[in-house]
Amino acid sequence: MKLITLFRLLYKKFFSKQESKYASFVLGEKIASLWYPKFTFSEYGKIWLENKDFFDFYEKYVGKSYRSADRKFFITSLLSLVDELPGDTAECGVFNGASSWLICNKFKNTDKVHHAFDSFEGLSSPLEIDGVYWQAGDLKATEDIAKRNLAEYKDKIEIYKGWIPETFNNVSSKKFCFVHIDVDLYQPTFDSLCFFYPKMVTGGLILCDDYGFTTCPGAKKAFDELMENKAEKIINVPSGQAFVIKK
Ligand SMILES: C[S@@+](CC[C@H](N)C(=O)[O-])C[C@H]1O[C@@H](n2cnc3c(N)ncnc32)[C@H](O)[C@@H]1O
């Protein structure tokens, strides 16, 4: 960054009331790209970043790290695609319950049941295809915290503690309109998609949280393998998520 640009931005940030927000953004963008060139700030002025209700939810259930804010917000958008469909909802990989809360909140005035699956012992053992980023036991959350976070929807949710896919037998007779798969590794992603794909109603949506991350190569491989000969396309989005809509 040229020195003159730096001074101009600092002047705007501290002395020009009108331009200070934008100057802060540009300054942050320049500093971040110097420190970590692969990081891209995306565009200035996104309206969803001003959504107070969403960020109240986010800070309450996720906290002050905003790394998954775009993915959580995208869940709320996608849920509108299925809100007229029959069928229940499910989440594979619940952690503290933030995404399950969004799903339950969306359907709180319907008769849909949300089915939530988690070992509450963290990740199972990664395979070679999963690379080296994750270890067994990472992302361990407690069932008590998830239950506390989801308490207001306790009549609309079934939580199944245990390893995927063993716990899926609890819902073998159900149909689904929305399934969120967020288990980071090849095997549980494969098992979840294998189980839920045939149970989706037409128009139902399966969302994978981990598809577009170099840290989760196994999740991408599982989705690619299972969808290879299917009629539906995998829609890969810049947040790192991917989804399919059942035909
Ligand atoms: C990234 S976290 C889920 C985050 C959550 N979806 C959210 O939006 O906050 C991954 C979760 O998957 C669970 N998990 C991973 N592999 C599993 C398996 N084989 N069986 C059950 N749960 C598993 C972990 O215990 C962990 O809570």
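How do the residues of the shell around the ligand divide into nonpolar, polar and charged? The shell holds 8 nonpolar, 6 polar and 5 charged residues, where Ala, Val, Leu, Ile, Met, Phe, Trp, Tyr, Cys and Pro count as nonpolar, Asp, Glu, Lys and Arg as charged, and the others, Gly among them, as polar.

The model is predicted, and local features need pLDDT of at least 70, side-chain atom pairs count only at pLDDT 80 or more, and totals for chains, interfaces and linings use all residues. Residues are numbered from 1 along each chain as its sequence is written, and side-chain values use heavy atoms, with hydrogens and water left out.

The ligand is surrounded by 19 residues, a residue being near a molecule if one of its heavy atoms lies within 4 Å of it. The closest are Glu-91, Gly-93, Ser-99, Asp-118 and Asp-182. Polar contacts (pairs of N or O atoms within 3.5 Å) to oxygen atoms of the ligand include a polar side-chain atom of Lys-72 at 3.0 Å, a backbone N or O atom of Gly-122 at 3.2 Å and a polar backbone atom of Leu-139 at 3.4 Å. Of the 600 Å² that the ligand exposes when taken alone, the protein buries 94%; accessible areas come from the Shrake-Rupley method with a 1.4 Å probe.

Leu-139 is found in the loop between strand 2 and helix 6 (143-149). Although Leu-139 is not a glycine, its phi is positive, at about 60°. Ile-164 and Pro-165 are joined by a cis peptide bond with omega of about 10°, and Pro-165 lies in the loop between strand 3 and strand 4. Most residues other than glycine have a negative phi, and most peptide bonds are trans.

Helices (H or I, at least four residues) and strands (E, at least two) are DSSP runs, numbered from the N terminus. Seven strands form an open sheet of order 3-2-1-4-5-7-6 with mixed pairing, two strands being paired if DSSP finds at least two bridges between them. Strand 3 (157-161) and strand 6 (235-236) are the edge strands, each pairing on one side only. Strand 1 (residues 88-92) pairs with strand 2 (residues 114-118) in the parallel sense over 4 bridges, and Ala-90 stands opposite His-115 in strand 2.

Gly-87 is found in the loop between helix 4 (69-79) and strand 1. Leaving aside residues up to four places away in sequence, Gly-87 touches Lys-112, Lys-175, Phe-176 and Cys-177 (contact means heavy atoms within 4.5 Å).

Note on methods. A polar contact is a pair of N or O atoms within 3.5 Å; within protein, one must be able to donate a hydrogen and the other to accept it, and residues adjacent in sequence count only if both atoms are side-chain atoms.
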